[in-house]
Amino acid sequence: MLASVTQRPTPHPTLYLIGDSTVNNNNAPQMGWGAALPAFFDTTRLHIVNRAKAGRSTRTFVSEQRWHQVDSLLRPGDFLLMQFGHNEGSVPDTTKAGRRGVLRGTGPETKELTWPDGHRETVHTYGWYLRQFVRGAKAKGAKPIIASMIPRNEWKDGKVVLADQDFGRWAAEVARQEGVPFIDLNGITAAKYNQLGPEKVKAFFPGDHTHTNAEGARLNAASVVDGIRAEKKIALNKYLRKG
């Protein structure tokens, strides 16, 4: 008589989040949207791991080996959702202000830096770093998703200032070139802010124009979900809570 074979259950996939403090922020009363995101998913079937880190840019996420750590964890069927852009804007150099900066755009341009201790660093464009995350995830059989950065509490002519001419546009460009889903988090959230108006939106930002409180984090997490639902090809849709 043949012994019965017990099949091992297929492990649940993991959604890894990478980004900056707007995704992961433990400086209460501020909260990143990554902390609010699990409420929208069936976490009995999908694990969510927030590996975003305050103050990081695409460049420092790589140079500090944070990407290496996440990359080592990725397994086939996992998801990688990335949102960067808030810390990339300074001119890249070895000063405290410039250590996070990247070259603008999505091209192959580089800048060579020599740090005071003698080690050299090649700085790339914002798009180059995003491609490393995308291609690394694909190589592991994971599914990468690019999101544009949430808007800051900045207004011009009664409308929220968008990032659609720089980091938001470049994020969309890389997603298109690499054939991966794109969530226009900048535009989706800005539309909600515009509807609410400056006074109500101001209440989401205790202390500065970048970091939201818990209410703002929930709104931004809902925008992430709106972007997922709008793209039916994103496999994360099957893990969303109903309603």
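Predicted model: local features only at pLDDT ≥ 70, side-chain atom pairs only at ≥ 80, totals over all residues.
Residues are numbered from 1 along each chain as its sequence is written, and side-chain values use heavy atoms, with hydrogens and water left out.

**View 1. The whole chain, before the close-ups.**
Count up the secondary structure and you get eight helices and nine strands; helices (H or I, at least four residues) and strands (E, at least two) are DSSP runs, numbered from the N terminus. The radius of gyration is 19 Å, close to the 18 Å that the globule rule gives for 243 residues, so the chain is as compact as a globular protein of that length. That radius is taken over C-alpha atoms, and the globule rule is 2.2 Å times the number of residues to the power 0.38. Along its principal axes, the C-alpha trace spans about 75 × 50 × 35 Å. Of the 243 residues, 48% count as buried; buried means under 20% relative accessible area, exposed over 50%, and partly exposed in between (1.4 Å probe, protein chains only).

**View 2. The annotated span, residues 17-219.**
An unreviewed UniProt entry places the feature "domain: SGNH hydrolase-type esterase" at residues 17-219. UniProt positions are given in the numbering used here, feature names are shortened, and annotations may be inferred rather than shown by experiment. This span is 33% helix and 15% strand, and its end C-alpha atoms lie 17 Å apart.

**View 3. Thr44 and His12.**
Back to our opening residue: Thr44 counts as exposed, at 57% relative accessibility. Thr44 and His12 are 32 residues apart in sequence, yet 8.3 Å apart in space, C-alpha to C-alpha.

**View 4. A cis peptide bond at Pro29.**
Look at the loop between strand S1 (14-19) and helix H1 (33-36), where Pro29 has its place. The peptide bond from Ala28 to Pro29 is cis, with omega near 10°. As background, most peptide bonds are trans.

**View 5. Two residues with a positive phi.**
Most residues other than glycine have a negative phi. Gln65 is not a glycine, but has a positive phi of about 70°. You'll find Gln65 in the loop between helix H2 (58-63) and helix H3 (66-73), and it counts as partly exposed at 42% relative accessibility. Asp157 also has a positive phi, near 55°, in a residue other than glycine. Asp157 lies in the loop between strand S7 (155-156) and strand S8 (159-160), and at 74% relative accessibility Asp157 counts as exposed.

**View 6. Pro116 and Arg51.**
Pro116 sits in the loop between strand S4 (111-114) and strand S5 (120-123). Pro116 counts as exposed, with 77% relative accessibility. Pro116 and Arg51 are 65 residues apart along the chain, and their C-alpha atoms are separated by 29 Å.

**View 7. Lys232, after helix H8.**
Follow the chain into the segment after helix H8 (214-230) and you reach Lys232. Lys232 is exposed, with a relative accessible area of 67%. Between the C-alpha atoms of Lys232 and Trp67 there are 28 Å, and the two residues are 165 residues apart along the chain.
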